[in-house]
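Hi everyone, thanks for having me. I'd like to talk for a few minutes about charged side chains, so let's bring the structure up.

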Amino acid sequence: MPPSKDMIGRVLSTGSATVTADHVAGFARALGDTNPEYETIAPPTYPIAFMTQAMSGGMETFLELGLNFMTLVHGEQEFEYRRPIRAGETLSLTGRIADVYEKTGGSGTLDFVVMETEATDAKGQVVFFSRNTLISRRM
């Protein structure tokens, strides 16, 4: 069963993530990036460190999406920033299904599900959006 477009906009989870200077520095070291700016702001891919909790919609959501786990791949990751993430702040996270579509080619039909996380600061201002695309071959 293909993923339903009725699921577009469904909130998967909400939560928060506190950005500590130690965690940001450790993330930068893991990347091998010694940029001194990463003592106060996070590297551009830093949100991936807490995306799992933002997208934890539960197994039921994935089953409802109808994706084939045997062929599931992470197809794309995108970050859209309104401002840098600063060490010491706590972000509120909302994960939702942003899009559902399919493409058909020579190898069959592929189902695409775009999952989006919105992070806001203590003032309610958007800090970034993160989008990842899951792809599975329809059986």
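**Salt bridges in this model**

Let's start with E102, which is partly exposed, with a relative accessibility of 44%. Keep in mind as we go that this is a predicted model.

So who does E102 form a salt bridge with? That would be R138, and their closest N and O atoms are 2.6 Å apart. E102 sits in strand β3, residues 90-105, while R138 is in the segment after β5, so this pair ties together parts of the chain that are 36 residues apart in sequence. R138 is partly exposed too, at 27% relative accessibility.

Quick reminder for anyone new to this: side chains of opposite charge can pair when their charged atoms come close.

Now, over to E80. This residue is partly exposed, at 28% relative accessibility. One of its salt bridges goes to R131, with 3.0 Å between the closest N and O atoms. That pair links distant parts of the chain, with E80 in strand β2 (residues 73-81) and R131 in strand β5 (residues 126-137), 51 residues apart.

Is R131 buried or exposed? Buried: its relative accessibility is 18%, and the cut-off for buried is under 20%.

E80 also meets R82 in a salt bridge, at 3.3 Å from N to O. R82 is exposed, with a relative accessible area of 52%.

Okay, zooming out. E80, R82 and R131 belong to a network of salt bridges that also includes E78, R96 and E116. And how many salt bridges does the structure hold? Ten.

How values were computed
Residues numbered from 1 in each chain as written. Predicted model: local features only at pLDDT ≥ 70, side-chain atom pairs only at ≥ 80, totals over all residues. Heavy atoms only, no water. Salt bridge = Lys/Arg side-chain N within 4 Å of Asp/Glu carboxyl O. Buried < 20%, exposed > 50% of the residue type's maximum accessible area, 1.4 Å probe, protein only. Helix = DSSP H or I, 4+ residues; strand = E, 2+ residues; numbered from the N terminus.
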